Amino acid sequence: MTAAPRETTGAPVGPAANRITRSAALLIGAIGVLLGPAVGREAWEQARFLEWWWTPLAFTTVFGTCLVLAALSFSISPRAVRGLCGAVCGGILLSIVVLPLAIRDPALHDDPFWLLRTVALGAAGVLVWRPRVATAVLVLVVGGGALANGWLQGGVRWLPLVLDFTRNFGIAGLLTWGLFTVVRAAATLDEESVRAERDAAEVAAADAKSRERARFSAIIHDEVMSTLLDASRGRDSTALGRLAHRALGRFDEFRRSGEEGGELDAFGAIGTLRATVSAINPGITFRAKRLTGFARLQVPADVGDAIAAALAEAVRNSLRHGGGIGRRVRREVTVTVGTGALRVEMRDDGAGFDAETVPVHRLGVRRSILARMADLPGGAAFVESAPGQGTTVTLVWVHPSVDEEQPDARPEVPVGAHPPERWDLRGLLGLRGAQGALVTAVLLATIASMSVSNIRSIPGHQTGILVAYAAIAVAAVVTLAIDTDPFPWPVAAAVAAVGPVSAALAYDHVGPEQVHEFVWTIYAFSVVLCFLAVRGRSGYATASIVAATLVAVFALGLGVRGVALSMTPLIIVVAGTLMAAIARSNLRALRQLADESAARAAAQATLRAQGEERARQLERLDERARPMLERIAAGDGLTEAERHESRVLEAELRDSLRAPTLTTGGLVAATRGARSRGVEVLLLDDGGLADAPEALTATVLEEVAQQLDKANAGTITVRILPRGRHVLATILVDAPDEMRRIEIGHDGTTRTLVDHG
């Protein structure tokens, strides 16, 4: 089971956060690897303004580290990955710190220093440090880069410094925010996985214990209680010995059930059911029908045992209660097997019964047939009967794989769309609500900063530039605001068209000699296209940046230089595409892994709970029932005292099935004492005490024990009523001289009604 991640740290502590952090580190490394060639020509040309050693040092510490990070992010330890991410930030800061020692001729003028283009790599800090520390490091990296640009351009001027800082901090900050939210979502997924595993294990354990108790209840009723009841009635010792041996054999089968498995084919299943019927009464007619595909039937051994036990109970009930008056009863069992399914029908033409009149404390049909089959995946049972019209018991089992092969009734999900409950990248990246408004504000501020730089670089073209950036701002808001996934393709096409159009508007009648640092509109719009790629429309984003680059090359007359000036914007779009791909693929896979982990936890908890419950139940049966069963199995006949003990033991076992809440140690002793004095005791539990406080439960048990201790004859019926009734429990005392009804309320108070009739 995974450890819960700590939300305040950037370091991964769970498998999902670890995997996402490695993927994010790969993204940072890939951006650095792409930036290296993009700024290589500028770095070579600008090296003449610096000492010989600085450019190789900076290139190696920044891009060399990124190359190593991209190559090793999934093959080294998490600590080493975080160390390399920290080294990327450290490499940029080191280059900035030693830059003043390396400047020979600060004469770049209007051309940007290549190192400024790398400051977005400072986002790697969010994978290493806490958010506040990572933000401080990013401010140092971006601020240092802006200062370095001013140093190389002949002196730091405040307005260019502010514009350089806001522009680059906006881009780096948006990248940092994206990485932070994805890693935080992965950490949340780790927490959810821990909770899901724990909850799945608890539910599976409770269900496994319930099923195991149901299996033992069935064997107690079918094998143990019936043997003890027959023993108390003085049945033939030889027949009793066979029944006792069978019951003890079932104990041993349960001990081995956790160790052995296997399956029965169609013939094996038919043979098992035939043997079951024959062992009880070989005179019952048995028929088998084999449908097309029956040879492919495979029945798990435990399923076969459960069906056989349910059939045995149906046969015994027919023999005990189905006898017609003055006529012979015909009984017939028909087994039908087909592809992945089995049907058993036990039919008689005997006395029949009205199911509505069967007392609640009669457990044969309810527990040993209906509940037993309902507990089987794919199992069901049906009982049809009426007075004088016989009884038909039908047992049906369908292999679960047959259901899985049926067409999925869920609505089809369109290609490229992901169910919102499983995946919502827009929400994941914090693009909704207050966080979404903040991201939009940062994006618009970054665009505004670039518009100012654009106006300063081309004086006299304010109108065209302002119109172009207004269109870019509208495209940015539309891209972030539309809450539809996938992002509508007509809107995506309209947004993508803004890129080349804005470049043409802002640079209309501008000569190529006037373009120095960037084609600013392309640079600004690339950040919008990054978000368009994140919204799942990377194809439109790529087409837009290519079209804008073609405008720069041909319409603006920049030629090959237009391609070079568009490299950084292109890398920004690629970064958005990679981020979306990483987030989608990783988190979708991680959610699947989390589900599988919860399933494994549930399976392990099931096995553990089954084993524990099996051991507990077997210990209880060994202590209470085995000595008497072994005495009966000896076949020497029972004394009167032993027959009485068999009757009391059968009643106590019946109590444990019908009223488990009323079978505590002290109450068992009181019940046994009352029965030894000739009192008939009937205990029924309909679940009203399931959620009751311990003090209230103790009050009820104490009142029941007092009534049992006072009784010397007659009948006492104790019933815990269903939840929701105005009375919690009733005790009906039918004594020779009076009848009392004691009602226990939900507050623990008692009310006694006496009839001296």
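1. The model is a predicted one, in which local features need pLDDT of at least 70 and side-chain atom pairs count only at pLDDT 80 or more, whereas totals for chains, interfaces and linings use all residues. Residues are numbered from 1 along each chain as its sequence is written, and side-chain values use heavy atoms, with hydrogens and water left out.

2. Helix H15 (residues 520–534) packs with helix H16 (residues 538–555) at an angle of about 165°, and their axes lie 8 Å apart; helices here are DSSP runs of H or I with at least four residues, strands are runs of E with at least two, and both are numbered from the N terminus. Axes are lines fitted to C-alpha atoms, for helices over the stretch in contact, with angles running from 0 to 180 degrees between N-to-C directions. The angle therefore makes H15 roughly antiparallel to H16, a label given to angles over 145 degrees.

3. On the H15 side of this pair, Ile522, Phe525, Ser526, Leu529, Leu532 and Ala533 are in contact (heavy atoms within 4.5 Å) with residues of H16, including Tyr540, Ile545 and Thr549. The residues of the contact of H15 with H16 divide into 10 nonpolar, 4 polar and no charged, where Ala, Val, Leu, Ile, Met, Phe, Trp, Tyr, Cys and Pro count as nonpolar, Asp, Glu, Lys and Arg as charged, and the others, Gly among them, as polar.

4. The largest nonpolar core has 114 residues, and among those with the most contacts inside it are Trp54, Trp114 and Val519; such a core is a set of buried Ala, Val, Leu, Ile, Met, Phe, Trp, Tyr and Cys residues joined through side-chain atoms within 4.5 Å. H15 gives the most to this core, with 13 residues. Apart from it lies another core of 31 residues, among them Leu273 and Val393.

5. His509, in the loop between helix H14 (489–506) and H15, has a positive phi of about 60° although it is not a glycine. Most residues other than glycine have a negative phi. His509 is exposed, with a relative accessible area of 71% (exposed means over 50%, buried under 20% and partly exposed in between, with a 1.4 Å probe and protein chains only).

6. Trp52, in the loop between helix H1 (15–46) and helix H2 (54–72), is likewise exposed, at 70% relative accessible area. Asp375, in the loop between helix H9 (364–374) and strand S6 (379–385), counts as partly exposed at 28%.

How values were computed:
Angles under 35 degrees count as roughly parallel, over 145 as roughly antiparallel, 65 to 115 as roughly perpendicular and the rest as oblique.
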